[in-house]
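The sequence and the model are shown first.

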Amino acid sequence: MTHLASIPNDFTSVVAVREFDLVQDGATSKLSIEIGLPIQDVETVSGMDWRCPVRFVNGTAVWVRRACGIDSFQALSLAFRLIQSEIEQLEARNGVEVHFLGNP
């Protein structure tokens, strides 16, 4: 059996940040979303895949997701889809809305 290296958990340099208002049951808090620099780091059959980390910060709650692709462009593109999915999951909770520039 071949031993595969673990996927790195480090967050790369932040290349983009956007702040949202998270409205939950009438209370508003900040939701910051940070996109890290795509990095080539996972060995595959065809070479090396790319990873683009995305960090979500809401008060003391911090969670990191990773989008992986065959090149940096795909990893970055998938990171935006991942962000959309995370926002949709947040908004699927009862009484939660994510606002940007005062709009849902």
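## Nonpolar core

In this predicted model, the largest nonpolar core has 18 residues, and those with the most contacts inside it are Leu31, Ile33, Val54, Phe56, Ile83 and Val98. A nonpolar core is a set of buried Ala, Val, Leu, Ile, Met, Phe, Trp, Tyr and Cys residues joined through side-chain atoms within 4.5 Å. At least two residues of this core come from each of β1 (14–24), β2 (27–36), β4 (47–58), β5 (61–69), α1 (72–91) and β6 (96–99). The most is given by α1, with 6 residues.

Leaving aside neighbours within four places in sequence, Ile83 is in contact (heavy atoms within 4.5 Å) with Ile33, Ile35, Val54 and Phe56.

## Fold

The chain has 1 helix and 6 strands, in the sequence pattern β-β-β-β-β-α-β. Helices (H or I, at least four residues) and strands (E, at least two) are DSSP runs, numbered from the N terminus.

Among contacts between residues at least 6 apart in sequence, 41% join residues at least 24 apart. The C-alpha trace spans about 50 × 25 × 20 Å along its principal axes.

## Burial and surface

Of the 104 residues, 31% count as buried, meaning under 20% relative accessible area with a 1.4 Å probe, protein chains only. The chain exposes about 6900 Å² (Shrake-Rupley method, 1.4 Å probe), and carbon and sulfur atoms supply 54% of this area.

## Basis

Residues are numbered from 1 along each chain as its sequence is written, and side-chain values use heavy atoms, leaving out hydrogens and water. Local features need pLDDT of at least 70 and side-chain atom pairs count only at pLDDT 80 or more, while totals for chains, interfaces and linings use all residues.

Definitions and conventions: Buried means under 20% relative accessible area, exposed over 50%, partly exposed in between (1.4 Å probe, protein chains only).
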